[in-house]
Amino acid sequence: MATIEPTTRREIVLPAPPYTVDDLLKFPDDGNRYELFNGSLLVSPSPTSPHQRAIYRLQRILDDAAPLELEPLATVNLRVTDKDYYIPDLVIVPADTDQLMFSPEEILLAAEVVSPSTKERDRGFKVAAYAAAGIPSYWRIELDEGPTLYVYELNGDGYDPPTAYKAGQVATLTTPFAVSFDPGDLERPRR
């Protein structure tokens, strides 16, 4: 005999697309990542352990190097417009901020760790979207490449072609502040 388990899951009724940031605030906290691109809903599952590990290790590296007035934060809300809303894996923002939503002007660096469910977004439209929003630096980390760090720097309305740093090669960067690290450190076992 089959039984039906009780659920606490809320059902929400949304208006027809395009969606807005206000619509997203009605979504349940179900472990998925909901973003908007021109009012279209983008859904990603929770990140895998290697993905989380890379974000955590990058956050520690950047936190150790950051000046006191800046800090790295993981998975913040970035509201570009009412219909464009992203959740970068990691950002650099002014320190001591306490807010629900960040504006592009507050983001000095946006970083994404590429996963199978986000690779098209992270390699394609997020490059264009972050550049259009005026975010000075975008870092894309490809775990399947050893890992490899791709660094994009804003030049006018778009990013210059990225500079790639492979595992075993030290990336010495100056934007948004001076930091040096081997992208391979993002996957190494804990010490």
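Predicted model: local features only at pLDDT ≥ 70, side-chain atom pairs only at ≥ 80, totals over all residues.
Which residues is L173 in contact with, leaving aside its neighbours within four places in sequence?

The average pLDDT for the protein is 89. Of the residues, 93% score at least 70. Across residues 1–7, pLDDT stays under 50. For that stretch the model has zero contacts beyond four places in sequence.

Now to the inside. The largest nonpolar core has 24 residues. Seven names touch the most other members: L58, L62, W139, L149, L173, V179 and F181. Where does this core come from? At least two residues each are supplied by α2 (49–65), β6 (90–94), β7 (109–114), β8 (137–142), β9 (148–155), β12 (171–173) and β13 (179–181). Helix α2 gives the most, with five residues.

Back to my opening question. With those sequence neighbours left aside, L173 is in contact with W139, L149, V151, Y165, A178, V179 and F181. Compare that with the core list: W139, L149, V179 and F181 are named there too.

There is also a second, separate core. That one has 20 residues, and V93, V127, Y150 and Y152 are among them.

Let me finish with W139. Where is W139? In strand β8. Is W139 buried or exposed? Buried, because its relative accessibility is 0%.

Key: Residues numbered from 1 in each chain as written. Heavy atoms only, no water. pLDDT = per-residue confidence, 0-100. Contact = heavy atoms within 4.5 Å. Core = buried A, V, L, I, M, F, W, Y, C linked by side-chain atoms within 4.5 Å. Buried < 20%, exposed > 50% of the residue type's maximum accessible area, 1.4 Å probe, protein only. Helix = DSSP H or I, 4+ residues; strand = E, 2+ residues; numbered from the N terminus.
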